[in-house]
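Visitor: Can you walk me through this one? I'd like to start with the pocket.
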Amino acid sequence: MKVTYLGPLRLGGGHAALADVPVSDLPASCYVVEVSEDAGVDGEIIEGDVLIVDEALPAQHGDLVLIGEDCELYLYRSHRIGGGMRMLPMGGGEGCFARRVDCRGVVVRWARQELAEF
């Protein structure tokens with residue numbers, strides 16, 4: 001699942017979904033991404049969700065992790081196998097093993113902007 005980088009959290013991230021997030025409670029190593037439309041609307045994380053990512057945290061078993069691939073960022077769920085980490089795509093699939101240098105951060109919070117009722 002592809003995500004789009006929005007910027008450092010300390011600069012507000014520029015997204016309305018973060019209006020109620022206490023920025024001062026989170027470390028300066030956090031940044032904000034938005035989930036792209038390929039996520040769909042059926043899963044735990046859906047299109048348009050805004051994720052707060054801490055680039056200083058090491059990935060642990062079961063974390064939501066951003067991996068850099070071909071100058072793009074993708075969201076995976078980590079699965080520890082022995083001393084390595086297998087990254088499982090959020091939408092299902094085989095996944096891949098990742099090195100620590102591939103990890104761009106661990107999701108620490110996410111927000112969903114409420115849609116206006118018509």
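Visitor: Which classes make up the lining of the largest pocket?
Guide: The lining has 8 nonpolar, 2 polar and 3 charged residues. Nonpolar means Ala, Val, Leu, Ile, Met, Phe, Trp, Tyr, Cys and Pro; charged means Asp, Glu, Lys and Arg; the others, Gly among them, are polar. This is a predicted model: local features need pLDDT of at least 70, side-chain atom pairs pLDDT 80 or more, while totals for chains, interfaces and linings use all residues. Residues are numbered from 1 along each chain as its sequence is written, and side-chain values use heavy atoms, without hydrogens or water.

Visitor: Which residues lie nearest the centre of that pocket?
Guide: Ala59, Met85, Ala98, Arg99 and Arg100. A pocket here is an open set of points on a 1 Å grid over the protein atoms alone, where a 1.4 Å probe fits, with protein on both sides within 12 Å along at least five of seven lines; lining residues have an atom within 4 Å of a point.

Visitor: Arg99, then. What does Arg99 form a salt bridge with?
Guide: Asp102, with the closest N and O atoms 3.2 Å apart. A salt bridge is a Lys or Arg side-chain nitrogen within 4 Å of an Asp or Glu carboxyl oxygen.

Visitor: Is Arg99 buried or exposed?
Guide: Exposed, at 57% relative accessible area. Asp102 is buried, at 17%. The cut-offs are under 20% for buried, over 50% for exposed and partly exposed in between, with a 1.4 Å probe and protein chains only.

Visitor: New topic. What does Asp49 pair with?
Guide: Arg112, in a salt bridge at 2.7 Å. Asp49 is buried at 0%, and Arg112 is partly exposed at 41%.
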